[in-house]
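Subject: Structure handover and findings

Hello,

Here is the structure for you to open alongside this email. Please keep it on screen as you read.

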Amino acid sequence: MKGYQPIMSFGEDVAETYRDVQRGDEVAAVAFLEQLAGRGPALELAIGAGRIALPLAARGIRADGVDITPAMVAQLRAKPGGDAISVTIGDFADVPAPGTYRLIYVVWNTLFNLLTQDDQVRCFENVAAHLTDDGSFVVEALVPAFLYRLRNDQYVDAEAIEIDEVRLDVLRHDAATQMLEESHVSLSRAGVHLNPVVQRYAWPSELDLMARIAGLRLKGRWGGWGREPFNSSSNAHVSVYGR
Ligand SMILES: C[S@@+](CC[C@H](N)C(=O)[O-])C[C@H]1O[C@@H](n2cnc3c(N)ncnc32)[C@H](O)[C@@H]1O
């Protein structure tokens, strides 16, 4: 997508829509992360509006964050407890937070918002530098197997069809570059609204090699936050890396 910058995906209007977004996995995710965090501290890469970090902090674990988009962090700040969270504004590939953490995590496919393999490897390396010796790095991401089932490497999904608005999710896949170009398109009397997002996906096995480059090892992988087995039917994985 020519001219695309990741920050374009999370402007003020989009940040507003993320304010109260729940995926339904929050309770299970926080329980999983809390167990690994021990006494903490924890660091969320791409903390966004605090969907996970806020309930984790409510369990008594110091949960810091990194995010590149002030508009998303403003949504976090506006929520109860949001002021108490320490957020560094910057690129999470750099892990620009001081100190070491017992738990660092990146959820909701957001690792793939780093658009090159180099940036993703750099992220693993910087995470390793900020992990305590007994620390864990948790990645929750999609499994790209669904891409095999696409016709012509693309789809258009009707997300909503209302009297006054139609919302479409439009995606194109490039298998050679592992890139997904996507836009959420809203058509209404107010006009056409586009919300582009580009991701570079990786298979779990590629992430494991990135971890090894960074001196980390896969400690466990599940098909979900409830520690469901990871197998060929898994649409997503929760992977735990450590030394
Ligand atoms: C889909 S939201 C997820 C937010 C939160 N992790 C959650 O699960 O609700 C993605 C977040 O990633 C942030 N982001 C994307 N690329 C980033 C980068 N390179 N560095 C830091 N933050 C980034 C965006 O600003 C946005 O807040």
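Below is what was found, taken site by site. One thing first: this is a predicted model.

The ligand

Start with the ligand. There are 19 residues around it, and the ones that come nearest are Glu44, Ala46, Arg51, Asp67 and Thr69. Three of these give specific distances to look up. Thr69 places a polar side-chain atom 2.5 Å from an oxygen atom of the ligand. Asp67 also uses its side chain: a polar atom there is 2.6 Å from a ligand oxygen. Ala46 uses its backbone instead, with a polar atom 2.6 Å from a nitrogen atom of the ligand.

Helices α5 and α6

Next, the helix pair. Helix α5 covers residues 117-129, and helix α6 covers residues 204-213. They pack with their axes 8 Å apart, at an angle of about 55°. Because of that angle, α5 is oblique to α6. Their crossing is right-handed.

Which residues of α5 and α6 meet? From α5 come Gln117, Gln120, Val121, Phe124 and Glu125. From α6 come Glu206, Leu207, Met210, Ala211 and Ile213. Sorted by class, this contact has six nonpolar, two polar and two charged residues.

Asp208

Stay in helix α6 for Asp208. Its side chain makes a polar contact of 2.6 Å with the side chain of Arg221. Leaving out residues up to four places away in sequence, Asp208 touches Leu218, Arg221 and Tyr241.

Glu181

Now go to strand β8, residues 179-188, where Glu181 sits. What does the side chain of Glu181 reach? It reaches the backbone nitrogen of Met1, at 2.2 Å. Met1 is also on the contact list of Glu181, along with Val170, Leu171, Arg172, Val197 and Val198. That list sets aside neighbours within four places in sequence. Gln154 is 27 residues from Glu181 in sequence, and their C-alpha atoms are 9.4 Å apart in space.

- Pro41 is in the loop between α2 (26-37) and β1 (42-45). A cis peptide bond joins Gly40 to Pro41, with omega at about 0°.
- Asp153 is in the loop between β5 (131-142) and β6 (154-161). Its phi is near 55°, a positive value in a residue other than glycine.

Then turn to Asp208 and Arg221, whose side chains are joined by a polar contact.

Best wishes

Conventions. Residues are numbered from 1 along each chain as its sequence is written. This is a predicted model: local features need pLDDT of at least 70, side-chain atom pairs count only at pLDDT 80 or more; totals for chains, interfaces and linings use all residues. Side-chain values use heavy atoms; hydrogens and water are left out. Axes are lines fitted to C-alpha atoms, for helices over the stretch in contact, and angles run from 0 to 180 degrees between N-to-C directions. Helices (H or I, at least four residues) and strands (E, at least two) are DSSP runs, numbered from the N terminus. Angles under 35 degrees count as roughly parallel, over 145 as roughly antiparallel, 65 to 115 as roughly perpendicular and the rest as oblique. A crossing is left-handed if the near helix is turned anticlockwise from the far one by less than a right angle, and right-handed if clockwise. Contact means heavy atoms within 4.5 Å. Ala, Val, Leu, Ile, Met, Phe, Trp, Tyr, Cys and Pro count as nonpolar, Asp, Glu, Lys and Arg as charged, and the others, Gly among them, as polar. A residue is near a molecule or strand if one of its heavy atoms lies within 4 Å of it. A polar contact is a pair of N or O atoms within 3.5 Å; within protein, one must be able to donate a hydrogen and the other to accept it, and residues adjacent in sequence count only if both atoms are side-chain atoms.
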